[in-house]
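Please open the structure in your viewer and keep the selection panel at hand. The stops below are meant to be visited in order.

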Protein chains: 2
Amino acid sequence: MITKNKLNRKQQIIEKATQLFQKQGYAATSMRDLASFIGIEAASLYSHIKSKEEILQIICFQLAEDFFNSLQSIELEHGGADEKLQKAVVSHVEVLTKDPAASAVFFSEWRHLSEPYLTDFLEMRDQYEGRFIQILIDGNESGIFKTLDAKFTVLALLSSINWMPAWYKPGGKLSPKDIAGNVTDVFINGLRVR
Amino acid sequence: MITKNKLNRKQQIIEKATQLFQKQGYAATSMRDLASFIGIEAASLYSHIKSKEEILQIICFQLAEDFFNSLQSIELEHGGADEKLQKAVVSHVEVLTKDPAASAVFFSEWRHLSEPYLTDFLEMRDQYEGRFIQILIDGNESGIFKTLDAKFTVLALLSSINWMPAWYKPGGKLSPKDIAGNVTDVFINGLRVR
DNA sequence: ATATTTGCCTAACAATCGTTAGTTTGGTAC
DNA sequence: GTACCAAACTAACGATTGTTAGGCAAATAT
């Protein structure tokens with residue numbers, strides 16, 4: 001195939017960039033850093049990508065799509081709000097742990113996106129959080145969850161999970177399901193009216 | 001006083017830098033950005049500070065000291081683990097909300113510290129987390145808290161709080177005590193054996 | 001009144017930044 | 001064998017980076 005090597009190289013660039021962006025940050029990582037990490041010259045990168053920011057865009061929006069899709073099936077189900085929240089968190093953690101480095105970049109480097117990408121990104125994030133908020137509101141109206149500030153609680157819940165990529169190592173003693181289970185156990189049993 | 005104006009200017013530099021570091025990140029903020037934000041030339045900054053990194057060091061270690069001190073009185077008290085955890089979280093949130101911008105920088109820009117400051121910083125952070133972990137362990141041994149992965153839980157707890165500086169605006173509808181109360185309510189009531 | 005210090009300035013430095021241009025190389029298609 | 005093409009290279013660009021040197025004016029100390 002003609003374009004296969006090129007696609008692979010581009011994918012490799014993105015993966016290596018993800019590692020460096022996580023370790024050093026986007027702004028502190030130069031194209032020369034990235035190139036020498038791969039083993040080529042900086043100028044050669046531009047045979048595969050349009051700009052430094054394009055790399056960040058690909059990392060951020062690919063993951064955004066993954067997060068979005070992970071909720072799709074859950075919202076169609078007919079379970080209680082506690083079940084839905086549980087499943088939503090599991091899905092979220094699964095996306096997180098599938099590529100922890102990309103997740104770390106996603107959560108801490110998005111602000112270096114330029115317009116209009118930045119606005120798009122923030123809209124998607126708000127929508128995503130909104131779907132979690134709706135689960136809490138539904139749970140409250142059906143008497144399962146306490147009355148509380150749903151947005152605040154969702155931010156606290158997601159924040160406690162989203163910090164994970166900073167320390168998660170694949171193959172550790174806690175599997176993605178364990179992590180999601182622990183977190184939702186703490187949160188749901190603290191939220192549920194008893 | 002001789003040094004008063006100089007100290008004030010230095011303090012102003014640090015405060016303005018804190019704002020820019022929060023908005024743009026440390027690496028993406030140039031000394032010329034900072035200078036023009038203050039209203040002077042970039043070179044003039046060096047009459048007051050030794051280097052760009054010194055600013056970051058001051059921000060990070062000042063806050064680290066605040067966090068450390070905030071726990072001191074609590075650990076000497078004779079309350080139960082649930083009370084201690086509650087108070088520790090309140091203290092933590094109070095430090096956070098006293099200067100949200102500095103807190104945001106503290107949590108996301110520390111990696112740009114150079115050695116030996118970086119190692120010192122991480123050691124302090126580990127010690128601080130360790131004191132929270134100890135509270136959970138004590139609570140478990142005294143039968144108040146479930147058996148769980150204490151380190152994991154503390155990281156989840158602190159992470160859910162530490163994200164706050166990103167969105168907290170002084171004078172909002174939630175006071176520091178409200179925030180700490182909400183978080184600990186969710187966490188403690190989810191943790192306590194019933 | 002004079003001497004000293006402070007805080008800013010302009011100018012410039014060496015290094016590094018992202019990126020472009022033009023060229024070479026090695027493999028594939030006709 | 002020839003034409004083509006992707007992917008690398010070298011070299012360089014203009015801009016920007018953190019920082020230093022040296023000077024100047026105003027405030028302060030003597």
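Which residues of α5(A) are buried? Select A:Pro100, A:Ala101, A:Ala102, A:Ser103, A:Ala104, A:Val105, A:Phe106, A:Phe107 and A:Glu109, for these are the buried ones. Buried denotes under 20% relative accessible area, exposed over 50%, and partly exposed the range in between, with a 1.4 Å probe and protein chains only. Helix α5 (residues 100-109) of chain A is largely enclosed by the rest of the structure, because nine of its ten residues are buried.

This is a predicted model, in which local features need pLDDT of at least 70 and side-chain atom pairs count only at pLDDT 80 or more, while totals for chains, interfaces and linings use all residues. Residues are numbered from 1 along each chain as its sequence is written, chains are lettered from A and ligands numbered from 1 in the order in which they are written, and side-chain values use heavy atoms, leaving out hydrogens and water.

Next, display the whole of chain A. Eight helices and zero strands are found there; helices (H or I, at least four residues) and strands (E, at least two) are DSSP runs, numbered from the N terminus. The C-alpha trace of chain A spans about 60 × 40 × 35 Å along its principal axes, and buried residues account for 47% of its 194 residues.

The term requires a side-chain nitrogen of Lys or Arg within 4 Å of a carboxyl oxygen of Asp or Glu.

Select A:Lys10 and A:Glu54, whose closest N and O atoms are 3.6 Å apart in a salt bridge. Since A:Lys10 lies in helix α1 (residues 4-24) of chain A and A:Glu54 in helix α3 (residues 52-76) of chain A, the pair ties together parts 44 residues apart in sequence. A:Lys10 is partly exposed at 23% relative accessibility, whereas A:Glu54 is buried at 10%.

Proceed to A:Arg131 and A:Glu75, a salt bridge with closest N and O atoms 3.0 Å apart. Here A:Arg131 belongs to helix α6 of chain A and A:Glu75 to helix α3 of chain A, so the pair links parts 56 residues apart in sequence.

Finally, show both chains and select B:Glu109 with A:Arg111, which meet in a salt bridge (2.6 Å, N to O). This pair joins two chains, because B:Glu109 lies in helix α5 (residues 100-109) of chain B and A:Arg111 in the loop between α5 and α6 of chain A. B:Glu109 is buried at 2% relative accessibility, while A:Arg111 is partly exposed at 24%.
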